[in-house]
Amino acid sequence: MSAERLPMVVPAADLPDRVRIYEVGARDGLQNEKGAVPTEVKAEFIRRLADAGLTTIEATSFVHPKWVPQLADAEELFPRVRDLPGTELPVLVPNQRGLDRALALGADRIAVFASATESFAKANLNRTVDESLAVFEPVVRQAKDAGARVRGYVSMCFGDPWEGAVPPHQVARVCTALRNMGCDELSLGDTIGVATPGHVRGLLNLLDEEGVPTDEIGVHFHDTYGQALANTYAALEHGVTTVDASAGGLGGCPYARSATGNLATEDLVWMLHGLGIETGVDLDRLTATSVWMAAHLDRPSPSRTVRALSHKDQ
Ligand SMILES: CC(C)(COP(=O)([O-])OP(=O)([O-])OC[C@H]1O[C@@H](n2cnc3c(N)ncnc32)[C@H](O)[C@@H]1OP(=O)([O-])[O-])[C@@H](O)C(=O)NCCC(=O)NCCSC(=O)C[C@@](C)(O)CC(=O)[O-]
């Protein structure tokens with residue numbers, strides 16, 4: 001069974017022809033896992049994701065190992081995968097030390113991660129919002145000088161577990177600061193998965209007014225309230241063509257306990273292919289990869305599409 005083979009009732013109008021899936025399973029998906037996942041399993045996961053047709057795969061983070069112990073093997077992992085043909089492998093860096101570690105290994109896709117709220121900036125980076133932006137400024141400049149492409153994440157774009165509803169102008173301010181320092185693209189994070197399509201439209205409209213080009217925006221939804229696909233659809237209608245997702249719906253955030261898994265890549269691909277939107281992803285191979293990873297993690301994937309496709313009678 002595949003979504004594109006079902007009779008298409010109404011072809012998608014005003015939606016993009018192609019979506020770039022920015023796969024975060026190996027980083028965002030695994031960073032919260034309690035048990036240490038062996039480095040070679042992570043490397044094999046990334047290779048299998050590439051083999052399934054994903055061309056942007058966030059590999060790991062060069063953060064402090066005490067803050068995210070699961071990713072303490074970044075130095076061992078990155079060299080095992082960095083030469084995968086046709087694959088971009090972004091890595092997260094929180095500061096100069098992280099950038100130095102990443103550049104020393106030849107990383108050419110860098111992501112810094114800011115927050116729209118003070119509480120999460122403190123919990124995640126041990127800095128205020130402005131202090132963390134000041135840390136990122138020279139990091140972004142140096143990464144660009146080294147020829148890297150830089151993404152700027154903005155977390156807590158809609159709701160925050162400590163501060164509640166997040167005013168959109170707070171998000172716009174951080175987006176503008178990241179663009180001004182040279183970030184090539186932004187990723188709007190609904191870190192705790194509370195947004196609905198109305199909120200997504202509201203924020204994207206405000207970013208339009210603030211002069212943030214839609215083609216520089218990616219969306220990063222968590223599925224805590226089951227809204228991630230609906231939110232993605234709203235973003236596509238607005239013209240967004242980069243969508244973050246995590247194979248098998250792995251994920252959460254160690255510094256935002258109420259965050260559950262990311263939007264599952266398989267659920268996203270099922271919807272996009274059903275809309276006639278190209279992704280380049282082979283859904284069967286991707287599903288097989290998530291089933292393989294679920295066996296390593298010793299629990300079933302939360303993705304509905306993985307569950308449906310991995311039952312032989314579906
Ligand atoms: C930023 C820090 C380091 C500040 O942590 P800090 O304790 O303030 O660090 P510091 O600058 O005071 O330095 C203390 C020591 O750490 C070392 N250090 C400093 N930096 C590094 C580094 N990069 N790599 C290795 N070591 C490092 C540094 O060298 C020093 O060593 P000492 O001199 O004491 O021996 C810490 O808060 C941190 O690592 N935070 C990362 C948290 C994280 O990774 N969170 C998850 C990613 S964000 C996310 O998941 C959300 C997202 C992106 O998916 C989108 C969404 O859903 O919203």
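**Helix packing and a few loop residues**

I will start with helix α2, residues 39-51, and helix α3, residues 74-81: their axes come within 9 Å and cross at roughly 35°. This is a predicted model, and that applies to everything I show today. The α2 and α3 crossing is right-handed. On the α2 side the contact residues are Thr39, Glu40, Lys42, Ala43, Ile46 and Arg47, and they meet Glu76, Leu77, Arg80 and Val81 of α3. Sorted by class, that contact has five charged residues, four nonpolar and one polar.

Helix α2 has another partner, α11. Here the axes are 9 Å apart and the packing angle is about 165°. With angles over 145 degrees counted as roughly antiparallel, α2 and α11 are therefore roughly antiparallel to each other. Which hand does this crossing have? The crossing of α2 and α11 is left-handed. From α2 come Val41, Glu44, Phe45, Arg48, Leu49 and Asp51, and from α11 come Arg285, Leu286, Thr289, Trp292, Met293 and His296. The classes in the contact of α2 with α11 are six nonpolar, four charged and two polar.

In helix terms, residues three or four places apart point the same way, because an α-helix has 3.6 residues a turn.

The next pair is α4, residues 96-104, with α6, residues 129-145. They pack at about 15°, and their axes are 9 Å apart. Angles under 35 degrees count as roughly parallel, so that is the description for α4 and α6. Their crossing is right-handed. The α4 residues Gln96, Leu99, Asp100 and Leu103 meet Val139, Gln142 and Ala143 in α6. That contact divides into four nonpolar residues, two polar and one charged.

Is alanine 107 buried or exposed? Its relative accessibility is 6%, so alanine 107 counts as buried. Apart from neighbours within four places in sequence, alanine 107 is in contact with Phe78, Val91 and Ala102. Of these, valine 91 is 16 residues away in sequence, and the C-alpha to C-alpha distance to alanine 107 is 7.3 Å.

Now helix α8, residues 197-209. The helix has 13 residues and spans 18 Å from first C-alpha to last, close to the 18 Å expected at 1.5 Å a residue. Pro197, Val200, Leu203, Leu204, Leu206 and Leu207 are its buried residues. What do they pack against? After α8 comes glycine 211, with a positive phi near 85°.

That brings me to backbone angles. Most residues other than glycine have a negative phi. Two residues here go the other way. Asparagine 126 has a positive phi, near 60°, and sits in the loop between α5 (118-125) and α6. Its relative accessible area is 37%, so asparagine 126 is partly exposed. Aspartate 298 also has a positive phi, near 65°. The loop in question lies between α11 (283-297) and α12 (304-309). At a relative accessible area of 68%, aspartate 298 is exposed.

That is what I have; I will take questions.

Terms used: Residues are numbered from 1 along each chain as its sequence is written. This is a predicted model: local features need pLDDT of at least 70, side-chain atom pairs count only at pLDDT 80 or more; totals for chains, interfaces and linings use all residues. Side-chain values use heavy atoms; hydrogens and water are left out. Axes are lines fitted to C-alpha atoms, for helices over the stretch in contact, and angles run from 0 to 180 degrees between N-to-C directions. Helices (H or I, at least four residues) and strands (E, at least two) are DSSP runs, numbered from the N terminus. Angles under 35 degrees count as roughly parallel, over 145 as roughly antiparallel, 65 to 115 as roughly perpendicular and the rest as oblique. A crossing is left-handed if the near helix is turned anticlockwise from the far one by less than a right angle, and right-handed if clockwise. Contact means heavy atoms within 4.5 Å. Ala, Val, Leu, Ile, Met, Phe, Trp, Tyr, Cys and Pro count as nonpolar, Asp, Glu, Lys and Arg as charged, and the others, Gly among them, as polar. The expected span of a helix is 1.5 Å times one less than its number of residues. Buried means under 20% relative accessible area, exposed over 50%, partly exposed in between (1.4 Å probe, protein chains only).
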